[in-house]
Amino acid sequence: DSTQVVLWKDGQLVDSKTFPSGVRNLCERIASEWGIGLSDAMKVQQEYGSLVAGDFADELIPLIERNGKGNHAIKRSDFQGKYTEYFKTWMSGLLEEAESFSKEHKVFYPHSIFSGEMVQTDGFVEFMAQNFSRPVRIGTPRKVDAVSELLLDPAMIPALGMFRWMSQQLPDHKKFTPPKGFMQKTLASAKDWFFAYF
């Protein structure tokens, strides 16, 4: 339903922003174009959505209409043309928003690292380079201990990265949290007294 942009500068988290435009918007266009339900459009997008130009010959995509009209099929070549057009329009809007956001923080030449469901689309990196003249990378989790299913799922990369960053920041944030336990409270009081009088 949305896309989150996280801005880093000099290894520090600067800011984040959520834009109300996600994969759902792309699927809503598919649903509207071919008169199918949103959940079916999502399945079609996952199964047949590709950014690689190819010769699909007479390959057909089955569509399910759940409003009593029955099932039908469309040519994959027709779908491919519309899909890449929708994807380009959708991504153009996101990139404009992200660029404006980075300029607010005086980051003028950001490196673009993508994660999430859409990076799994065939030809994503090549499509971005060809249509937006921008080198992009797909984020991968590093130095995180987790089961392989999580590490390989692009949708989990932002959460794993944030978890790793927070665990590294923990020692710095401990000084802002109140001490717990008798010994910690006593040491904190002694430290405060020492700095107050010396």
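A salt bridge here is a side-chain nitrogen of Lys or Arg within 4 Å of a carboxyl oxygen of Asp or Glu. With that in hand, welcome to a predicted model, in which local features need pLDDT of at least 70, side-chain atom pairs count only at pLDDT 80 or more, and totals for chains, interfaces and linings use all residues. Residues are numbered from 1 along each chain as its sequence is written, and side-chain values use heavy atoms, with hydrogens and water left out.

**Salt bridges around Arg24**

- Searching the whole structure turns up five salt bridges.
- One of them joins the side chains of Arg24 and Asp1, at 3.6 Å from N to O.
- Arg24 sits in helix α1 (residues 23-34) and Asp1 in the segment before β1 (3-9), so this pair ties together parts that are 23 residues apart in sequence. (Helices are DSSP runs of H or I with at least four residues, strands are runs of E with at least two, and both are numbered from the N terminus.)
- Arg24 also meets Glu28 through a side-chain salt bridge of 3.3 Å, N to O.
- Both Glu28 and Arg24 belong to helix α1, where they are four residues apart, about one turn of the helix.
- Taken together, Asp1, Arg24 and Glu28 form a linked network of salt bridges.

**How open these residues are**

- For relative accessible area, buried means under 20%, exposed over 50%, and partly exposed in between, using a 1.4 Å probe and protein chains only.
- Asp1 is exposed at 63%, while Arg24 is partly exposed at 34%.
- Glu28 is partly exposed too, with a relative accessibility of 37%.

- The side chains of Glu99 and Lys103 make a salt bridge of 3.6 Å, N to O.
- Glu99 and Lys103 are four residues apart in helix α3, and therefore separated by about one helical turn.
- Glu99 is partly exposed at 36%, and Lys103 is partly exposed at 43%.

**Helix α2 against helix α3**

- Helix α2 (residues 38-48) packs with helix α3 (residues 76-104) at an angle of about 100°, and their axes are 12 Å apart.
- Axes are lines fitted to C-alpha atoms, for helices over the stretch in contact, with angles running from 0 to 180 degrees between N-to-C directions.
- The two helices, α2 and α3, are therefore roughly perpendicular, a label for angles of 65 to 115 degrees (under 35 is roughly parallel, over 145 roughly antiparallel, and the rest oblique).
- On the α2 side, Val44, Gln45 and Tyr48 meet Arg76, Phe79, Gln80 and Tyr83 of α3, where contact means heavy atoms within 4.5 Å.
- By class, this contact has four nonpolar, two polar and one charged residues. (Ala, Val, Leu, Ile, Met, Phe, Trp, Tyr, Cys and Pro count as nonpolar, Asp, Glu, Lys and Arg as charged, and the others, Gly among them, as polar.)
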